[in-house]
Amino acid sequence: MTEAIANRYFRAAVLYAILGMAWGISMAMSGNHTTYPAHAHLLLLGWVSMVLYGAIFRLCPRSAEGTLARSHFWIANVGLIVMIPGVSLIFAGYPDAEPLAATGSIITIASMLLFAHRVWQGTRT
Ligand code: HEM
Ligand code: HEM
């Protein structure tokens with residue numbers, strides 16, 4: 001069960017890695033780096049953090065128990081999918097996208113609070 005939950009994070013993470021690296025290559029090739037913070041956060045929240053979520057749930061299986069832990073995957077992914085276009089649009093010169101970035105960021109930190117709660121519960125000795 002824990003393995004299945006962790007695998008979801010790993011499968012999503014590699015997709016974000018491909019997308020983020022392709023974005024990086026396209027910035028490098030075009031010489032236009034204006035959206036680099038969105039590239040950075042797609043990789044840091046999508047690739048690095050998703051792998052860490054999956055790995056931590058595998059290392060501390062009690063953290064991955066329950067409905068809250070299972071809903072974490074979706075909250076973290078929705079946060080990222082809302083936040084990244086918002087950040088990208090802001091840096092591309094559309095400041096009106098700020099509410100999108102803000103909403104995505106709040107969902108993202110909410111997912112981290114939920115994750116922290118599960119890790120604390122699941123690592124009690
Ligand atoms: C094919 C792989 C990648 C390419 C071609 C690439 C390309 C780039 C480019 C062109 C920039 C803008 C640099 C600038 O103008 O300052 C950048 C910034 C950045 N990238 Fe990537 N990137 C790649 C992979 C990654 C990965 C895997 C991560 C993180 C796990 C990452 C994290 C960052 C960060 C944090 C910045 C901002 C750095 C700063 O503050 O100066 N990148 N990348
Ligand atoms: C809710 C989540 C997050 C929010 C709202 C956030 C917000 C920000 C903001 C506003 C900046 C300055 C952007 C600029 O003007 O260049 C920044 C930079 C940075 N953040 Fe985050 N961050 C988040 C998560 C993370 C995470 C999880 C990591 C690493 C694992 C990270 C690593 C960085 C790095 C390396 C930079 C400098 C490169 C850049 O400017 O993009 N951030 N972040």
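Predicted model: local features only at pLDDT ≥ 70, side-chain atom pairs only at ≥ 80, totals over all residues.
**T35**

Is T35 buried or exposed? I found T35 buried, because its relative accessible area is 14%; the scale calls a residue buried under 20%, exposed over 50% and partly exposed in between, with a 1.4 Å probe and protein chains only. I then listed what T35 touches, leaving out residues up to four places away in sequence, and got W23, M27, S88, F91 and A92, with contact taken as heavy atoms within 4.5 Å. With W23, T35 also makes a side-chain polar contact of 3.0 Å (a pair of N or O atoms within 3.5 Å; within protein, one must be able to donate a hydrogen and the other to accept it, and residues adjacent in sequence count only if both atoms are side-chain atoms).

**The core**

Next I looked up the largest nonpolar core, which has 24 residues, and saw that Y9, M50, F57 and L80 touch the most other members. Such a core is a set of buried Ala, Val, Leu, Ile, Met, Phe, Trp, Tyr and Cys residues joined through side-chain atoms within 4.5 Å. I noted that at least two residues of this core come from each of α1, α2, α3 (67-91) and α4 (98-122). For Y9, beyond its neighbours within four places in sequence, I recorded contacts with M50, Y53, G54, F57, A69, H72 and F73.

**Ligand 1**

Around ligand 1 I listed M21, G24, I25, M27, H33, Y36, H39, A40, L43, L44 and V48, each with a heavy atom within 4 Å of it. α2 gives the most to this shell, with six residues. By class I recorded eight nonpolar, three polar and no charged residues (Ala, Val, Leu, Ile, Met, Phe, Trp, Tyr, Cys and Pro count as nonpolar, Asp, Glu, Lys and Arg as charged, and the others, Gly among them, as polar). Which protein residue is the donor to the iron atom of ligand 1? I found a single one, H39 (NE2), 2.1 Å away, and H39 lies in helix α2. Donors are N, O and S atoms within 2.8 Å of the metal (3.2 Å for Na, K and Ca), and sites may look incomplete because water is not among the atoms. I also noted a polar side-chain atom of H33 at 2.6 Å from an oxygen atom of ligand 1.

**Ligand 2**

For ligand 2 I wrote down Y36, P37, A40, H41, L44, L45, M83, F91, S105 and T108 as the surrounding residues, with α2, α3 and α4 each giving two or more of them. The largest share, six residues, comes from α2, and the classes are seven nonpolar, three polar and no charged. The only protein donor of the iron atom here is H41 (NE2), at 2.1 Å, which I found in helix α2.

**L113**

Last, I checked L113 in helix α4 and marked this residue as exposed, because its relative accessibility is 59%. L113 and H72 are 41 residues apart in sequence, with 9.7 Å between their C-alpha atoms.

How values were computed
Residues numbered from 1 in each chain as written. Chains lettered and ligands numbered in written order. Heavy atoms only, no water. Helix = DSSP H or I, 4+ residues; strand = E, 2+ residues; numbered from the N terminus.
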